[in-house]
Amino acid sequence: MVAPAHLRTGSPGRARGPSALTLWTVKPTGCCWTLGLPQPLISRLRVASSAGCLKAVGLVTGLEQPSPLSRLPASRLIPSQPLREEGRTERGGGSRRPGFIKPAGTALPARPRRPDPLRSPPPPAPRLSPLAMALFGAVFLALLAGAHAEIPGCKIRVTSEALALVKQEGLRFLEQELEAITIPDLRGREGHFYYNISDVKVTELQLTGSELHFQPEQELALQITNASLGLRFRRQLLYWFFYDGGYINASAEGVSIRTALQLSQGPAGQMRVSNVSCLASVSRMHAAFGGTFRKVYEFLSTFITSGMRFLLNLQICPVLYHAGMVLLNSLLDTVPVRSAVDELVGIDYSLLKDPVVSNSYLDMEFRGAFFPLAEGNWSFLNRAVEPQLQEEERMVYVAFSEFFFDSAMESYFRAGALKLSLVGDKVPHDLDILLRATYFGSIVLLSPAVIDSPLKLELQVTAPPRCTIKPSGTTISVTATVTIALVPPMQPEVQLSSMVMDARFSAKMALRGKALRTQLDLRKFRIYSNQSAIESLALIPLQAPLKTLLQIGVMPMLNERTWRGVQIPLPEGINFVREVVTNHAGFLTIGADLHFAKGLREVIDKNREEAGEHGEGSLRLVGGDHVSGALGSSGS
């Protein structure tokens, strides 16, 4: 199909018919022509590109083939001057009247359309690099592990201030171990010279320079420089036909020892020495020969001293390894891990993780939880504040959270120990008269056989007591029921009254030896009835007598048991001295110095003897003295 003549010549034309207007326009960016299209659609087609216009026109006019205009040269399609539509538009929003198209100025290129934020596709999501993904995974695992980590109820910090005392006792122990070195016999031959060295003994050890310090990565390092060893051995020398024998003194000088103990958590929750690294050397050896052949011996002693120095180098590190892995671990076995406090409850001092070692301190985190012996697998959820240790001025610091004391009282409550029953003569005489007078109206209504029956006063804690630690002090809150009844012989008891008692105790903590002791003092006391307010008013006269009963009859029994204390996880033979207690929000800390009541050798030998008496395979993982008593009250 051929386009109309007025379109081929490029002149403007008008379609016949009053309702349709056909216009064409040529732009530098393309061509758009329309046939028989309404005016509103013409304005929409003007913004289309050349290819789009031809396609649109083809669809409108029914042309399936490209227009002949697309095959004409550009000079035939584009006039010398761009055209514009001329017409008038009435002001005030009138309709636009079409007019002729005449040449206009150079048309500007079409402005690019702004992207619609509602319709534009979202930007692609940033892709994480493998390193970023690995870091994200590590952080996630750390947060997940922290969410399930158990909060310690007890913490102990040993500072660098304690290392001077520990080094003094440790060097004494090390001297005893090195003096027990067994050096094998030394035999040899050099030409016509035969020698035999036997019975080598270490007579003395002089440690002129030593340093004990904490080393990160869970290590306690000891470095000894320029030490000397005194030796005594038996000589047998043969040179040609000359024989000489006897004992002689020798010395090993320039002895250097560097050893480190790696501390970790044992399988049963105890602290163990998991590894011992050692590096030892002897720089020179000197033997003091005497007698007629002294000059000959000094010339030939090079073979002897070189061999002895080699053997001595081989023997120092095995001795230190045995001292750390066997002897020191037997000392750590005396630290209580999971032991009984008394016949009702026990305490768990299991390490929650490996000790943390810095350049100035060593921190240990313990579970610090009591448990009833009848329910060995019972555990109390720790929701208390984690104790914090910041100080480093004293030798050792011990921190206890509220959970430590709450678990003790919870354990005694579950064991059924928090109750007290006074019957007959156990009730103070003045209180007996007062109670009978108070409940006289109820008593006279009973049978004569019951009126003169013994009086029973029973106090029973209804919920586990709770401990609150504040900078101002430590308090323990207790809620109990007080039951007053008559107990006729061979008959059921007759209850006269039941009331609720709220009491608040102040607690003072002290550290004596290795035991944490508690002193309780009654601060607040109130009784009331849970039945009616009128009955609570009637109980007001009993406030003072019952409070006096608690202070005189109950508090001494409580303090007698709590003052016995509970052992702190320290090895046997080490005690606390000059302690200072400081309260914080949710926990308390005790700073103290250390004192060796017994030597390390004495404690180790005693513990090994006890382990030998119980058999080779019965070395205790849970050791220490079982302190009788506890932080809590007990039944009568």
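Buried here means under 20% relative accessible area, exposed means over 50%, and partly exposed lies in between, with a 1.4 Å probe and protein chains only. The model is predicted, so local features need pLDDT of at least 70 and side-chain atom pairs count only at pLDDT 80 or more, while totals for chains, interfaces and linings use all residues. Residues are numbered from 1 along each chain as its sequence is written, and side-chain values use heavy atoms, with hydrogens and water left out.

**View 1. Phe370, Phe400, Phe404 and Phe405 form one aromatic cluster.** Rings of Phe, Tyr and Trp (its six-membered ring) pair if their centres lie within 6.5 Å, and planes under 30 degrees apart count as stacked, over 60 as edge-to-face and the rest as tilted. The count by this rule is five aromatic pairs. Phe400 and Phe404 make a tilted pair, 4.7 Å centre to centre with 50° between the planes, and both of these residues are buried.

**View 2. The charged end of Arg157 sits over the ring of Tyr361.** A charge sits over a ring if NZ of Lys or CZ of Arg is within 6 Å of the ring centre and within 35 degrees of the ring normal. For Arg157 the distance to the centre of the Tyr361 ring is 3.8 Å, and Arg338 lies over the face of Phe371 at 4.0 Å from the ring centre.

**View 3. Gln270 is buried, at 4% relative accessibility.** The side chain of Gln270 has a polar atom 3.1 Å from the backbone nitrogen of Ala268.

Key
A polar contact is a pair of N or O atoms within 3.5 Å; within protein, one must be able to donate a hydrogen and the other to accept it, and residues adjacent in sequence count only if both atoms are side-chain atoms.
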